[in-house]
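Hi,

Here is the structure I promised to pass on. Have a look, and my notes follow below.

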Amino acid sequence: AGEPKAAPSAPPVEAGEGDERVELSRIQRISGPRLQQAWQTIPHVTQFDEADITDLEAFRKAQTVETEKKGFKLTMLAFMIKACVTALRQYPKFNSSLDKSGESIVIKKYFHIGVAVDTPGGLVVPVVRDSDRKGVFDIAHELAQISKLARDGKLKPGDLQGGTFSISSLGGIGGTAFTPIINAPEAAILGVSRSAMRPVWNGKDFAPRLMLPLSLAYDHRAIDGASAARFSSFLV
């Protein structure tokens with residue numbers, strides 16, 4: 001069939017009367033081509049699920065008083081990182097990268113978790129390195145530090161490199177689900193939406209439970225659907 005044809009470039013857009021032309025931020029100009037390449041070259045599939053975090057949220061609130069005395073918040077994201085590390089140990093293909101040949105995957109033996117942070121200049125993904133060796137409080141403290149550095153535009157290039165798995169959390173803003181783009185060369189990314197109290201059947205009646213929506217996007221070349229469903233169920 002020959003070589004695939006390149007996607008046609010978009011036609012130039014002229015600003016008409018009353019229109020406003022806004023320049024993309026530096027971060028958007030840098031990340032845009034990478035996002036486009038990832039979307040065009042990686043066969044994305046997204047697995048959706050929900051986690052019951054009722055008891056976990058109660059524990060978090062009980063502990064956050066102590067962490068706030070130390071100057072940082074104990075966020076749900078810190079628990080998510082630790083839960084993901086546990087799931088990645090159980091299903092190591094999700095902590096891998098596809099080899100350039102396309103014939104093998106490289107499974108990473110370390111756990112550097114990228115965390116998407118919304119900044120005034122655009123989205124950045126700093127990395128919490130060796131998350132498996134850190135406790136929840138340590139991770140929460142580090143998240144507070146890197147989030148501030150990100151918002152202030154003081155992250156170094158090394159802070160954004162070497163991730164093995166990423167988490168994109170929009171729960172603080174809203175939404176029920178979304179399809180995150182994989183942060184190549186990683187094999188998967190977890191999207192987290194806003195938790196909501198819902199009636200859940202417990203076998204006898206409906207009980208109010210706090211449910212957290214999860215959206216797991218994965219590279220279908222390296223990971224099949226059954227493995228994704230197992231990983232998602234284990235994480236839940």
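In which sense do strand β1 (residues 44–52) and β11 pair, and over how many bridges? They pair in the antiparallel sense, over nine bridges. Strands here are DSSP runs of E with at least two residues, helices are runs of H or I with at least four, both numbered from the N terminus, and two strands pair if DSSP finds at least two bridges between them.

Before you read on: this is a predicted model, where local features need pLDDT of at least 70 and side-chain atom pairs count only at pLDDT 80 or more, while totals for chains, interfaces and linings use all residues. Residues are numbered from 1 along each chain as its sequence is written, and side-chain values use heavy atoms, with hydrogens and water left out.

Back to β11. A51 has L212 as its bridge partner there. Strand β9 (residues 188–192) also pairs with β11 in the antiparallel sense, over five bridges, and V192 has L214 as its partner. Strand β10 (residues 196–201) runs antiparallel to β11 too, joined by six bridges, with W201 opposite F206.

Then the helices: α3 (residues 76–90) and α5 (residues 225–235) pack with their axes 9 Å apart, at an angle of about 140° (axes are lines fitted to C-alpha atoms over the stretch in contact, and angles run from 0 to 180 degrees between N-to-C directions).

Cheers
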